Amino acid sequence: MPEWLLKEEQYEPIPDRDSFIDKSILSLLGILSRIRAQSGIPSGKHFVHAPFKVACTFLLVILLSLSKSLFFILTINVALLAATSLLPADKIFHILKAGFAAALFTLVILLPSAFWGNRYGIVMLPLKVFAAVTAVNILSRTTQWRHITGALKTFFLPDIFIFVLDITIRYIFMLGEFSLPMLYALKLRSVGKNNRKYASLSGITGTMFIKSKEMAEEMNAAMECRGFTGEYRKSGRIRMNWADAGYLLVHILALLIFLYLG
Amino acid sequence: MNNMIELSDVSYSYEGTPALKNITLRIEKGESVALMGMNGSGKSTLLKLINGILFPDSGTYRFAGEKITHKKMQDPLFSKRFHQKIGFVFQNADTQLFCADVYDEIAFGPRQMGLDEDETEKRVEDCLSLLSIEALRHRQPYHLSGGEKRKVAIASVLSLNPEVLVFDEPLLGLDPRTQRWFVSFLMKLHEAGKTLLVSTHNLEMVQEMAERAVLFDESHTIAADRPAGELLKDVDLLIRTNLVDEYYHHHPGAGHQHFHIHPF
């Protein structure tokens, strides 16, 4: 046993600016907990089915883009805010935060045109953006991502495209789970001053690339062993329920208002 | 006071799912302790908590008499001093290696501590020789075998010369020969006065790895905390905590005794 290992280390660390590790850990934890929370979103035969949600959200975004009526846009905004208010507090916060941020950004971008007398755009566009972002966020926060990708089957998207989307979401989570302990390991061993901080981070990134390549190769081999020949079939059958009917009715109403007001 | 690790009534949960409930545990300086329990009983969570990666929802954790809290760990100097004193070898060695080659991996800690390049080199060479991985010096960590990666991960922590070494499932995925090597390596570290904390499922080797064993049960509490040999003889308790089945036994009277399962 070497002598230095038998002695107690008399070590006093010196200050260093390495809060980036903590920030990286926190942001990664945030993403992972968001993906994990996704699988906890309730679904079943009494809830609105994802294909209806995806189709109606898509329709709503199209109507909002085409509409020239302030009344229609305000009505949709009020309806979306009412729908948002039925969700848990943390979801309301995230949905409104994204909506307001996007609307504010649009407003700032449009400010120069307002100085040239374009009053219409500065009112309508931020409201349209707010409504569209809120609608998409409600969809994302109330529907499991695997159901959203599955719903694409209804719109005749190729199964292999849906498969790639499914795998992408799964890989983001798995690689995120893998990189978290790497960041922890870097933090635990960063006991002093690191003059090559970015070399450590690029080391982590490099290992992640290698890991994802290995995982992809193993998965490819496993799929071949299970008889995968490039075709991926996903069942797209759904049975309509009362929640679906109510949901569709609200959107038909929105369509009628749009057709009446333009 | 010789308490190195002191947990009092500690509980922790993952978004409402309990992982640890009312854990009270004291580990003295120089002790070697094995954590046992079925999958999901809270062993890894406890190790993360002891290493300052997670923080208790309730209860207190003291390391060398000093209370470890999230707020205290926000102080970079305190956090670095703490992490130098306690080294953590992760379950998956892949996640612990991020440098370009094995030499840099082991030198990472000493360089951080501001040791000069001669002293760093000495530590790296000592660690390479201690773990019998001299030939790997210039290899890239991700091209190594599982056992080699585990040894490099241990060396990378050992070069910091921590007082406490924590191993999460160190025998997992190792061949029998490397497992045997690892157990004798732990014994060497113990003789050198290091405090050791090892989580394991390998009942055959618990007695050789640690003098004391702490057993977790399904309800995420400590079911028993006794000398390792004594705990392993309590087969009823091991069955009750779902760690073994009724075929687990040993043959009394044999020269060398260990617990095992015969093939059906």
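This is a predicted model: local features need pLDDT of at least 70, side-chain atom pairs count only at pLDDT 80 or more; totals for chains, interfaces and linings use all residues.
**Entry: annotated spans of chain A**

I consulted the UniProt entry, which is unreviewed, for the term "transmembrane region". The entry lists residues 58-83, 95-115, 122-140, 160-186 and 242-261 of chain A. I then examined residues 58-83 of chain A and found 88% helix and 0% strand. The end C-alpha atoms of residues 58-83 are 17 Å apart.

**Entry: helix 4 of chain A**

I turned to helix 4 of chain A, which covers residues 70-85 and has 16 residues. From its first C-alpha to its last, helix 4 reaches 22 Å, close to the 22 Å expected at 1.5 Å a residue. I asked which residues of helix 4 of chain A are buried. They are A:Phe72, A:Ile73, A:Ile76 and A:Leu80. Viewed down the axis of helix 4 of chain A, these buried residues fall within an arc of 95 degrees, so they line one face of the helix. I recalled the general rule that an α-helix has 3.6 residues a turn, so residues three or four places apart point the same way.

I next inspected the face of helix 4 of chain A turned away from the buried side. That face carries the exposed residues A:Phe71, A:Leu74, A:Val78, A:Ala82 and A:Ser85. I also looked up what covers the buried residues of helix 4 of chain A, and the cover includes helix 3 (50-66), helix 6 (119-142) and helix 10 (242-261) of chain A.

**Entry: helix 10 of chain A**

I followed helix 10 of chain A, which has 20 residues. Its first and last C-alpha atoms span 29 Å, close to the 28 Å expected at 1.5 Å a residue. I found helix 10 of chain A hardly covered, with one buried residue among its 20 residues.

**Entry: where the chains touch**

How many residues of chain A are in contact with chain B? I found that 30 residues of chain A are in contact with 32 residues of chain B. On the side of chain A that touches chain B, the elements giving two or more residues are helix 1 (3-6), helix 8 (159-189) and helix 9 (197-225) of chain A. Helix 8 of chain A gives the most to this side, with eight residues. By class, I recorded 19 nonpolar, six polar and five charged residues on the side of chain A that touches chain B.

**Entry: chain B**

For chain B, UniProt lists residues 5-243 as "domain: ABC transporter", in an unreviewed entry. I found residues 5-243 of chain B to be 40% helix and 25% strand, with end C-alpha atoms 25 Å apart.

I then consulted the domain assignment of chain B, which gives domain 1 (1-96 + 163-250) and domain 2 (98-161). The C-alpha centres of domain 1 and domain 2 of chain B lie 24 Å apart. Their contact takes 14 residues from domain 1 of chain B and ten residues from domain 2 of chain B. On the side of domain 1 of chain B that touches domain 2 of chain B, strand 6 (residues 86-89) of chain B supplies the largest share, three residues. I recorded that side of domain 1 of chain B as seven nonpolar, five polar and two charged residues.

Finally, I located B:Asp116 in the loop between helix 4 (102-112) and helix 5 (117-130) of chain B. Is B:Asp116 buried or exposed? B:Asp116 counts as exposed because it has 10 C-beta neighbours inside 10 Å. I noted that the C-alpha atoms of B:Asp116 and B:Pro227 are separated by 43 Å.

Terms used
Residues are numbered from 1 along each chain as its sequence is written. Chains are lettered from A and ligands numbered from 1 in the order in which they are written. Helices (H or I, at least four residues) and strands (E, at least two) are DSSP runs, numbered from the N terminus. The expected span of a helix is 1.5 Å times one less than its number of residues. A residue is buried if 20 or more other C-beta atoms lie within 10 Å of its own, exposed if 12 or fewer, and partly exposed in between; C-beta atoms are placed from the backbone. The arc is that of the directions from the helix axis to the C-beta atoms. Two residues are in contact if their C-beta atoms, placed from the backbone, lie within 7 Å. UniProt positions are given in the numbering used here, feature names are shortened, and annotations may be inferred rather than shown by experiment. Domain bounds come from an automatic or database domain assignment. Ala, Val, Leu, Ile, Met, Phe, Trp, Tyr, Cys and Pro count as nonpolar, Asp, Glu, Lys and Arg as charged, and the others, Gly among them, as polar.
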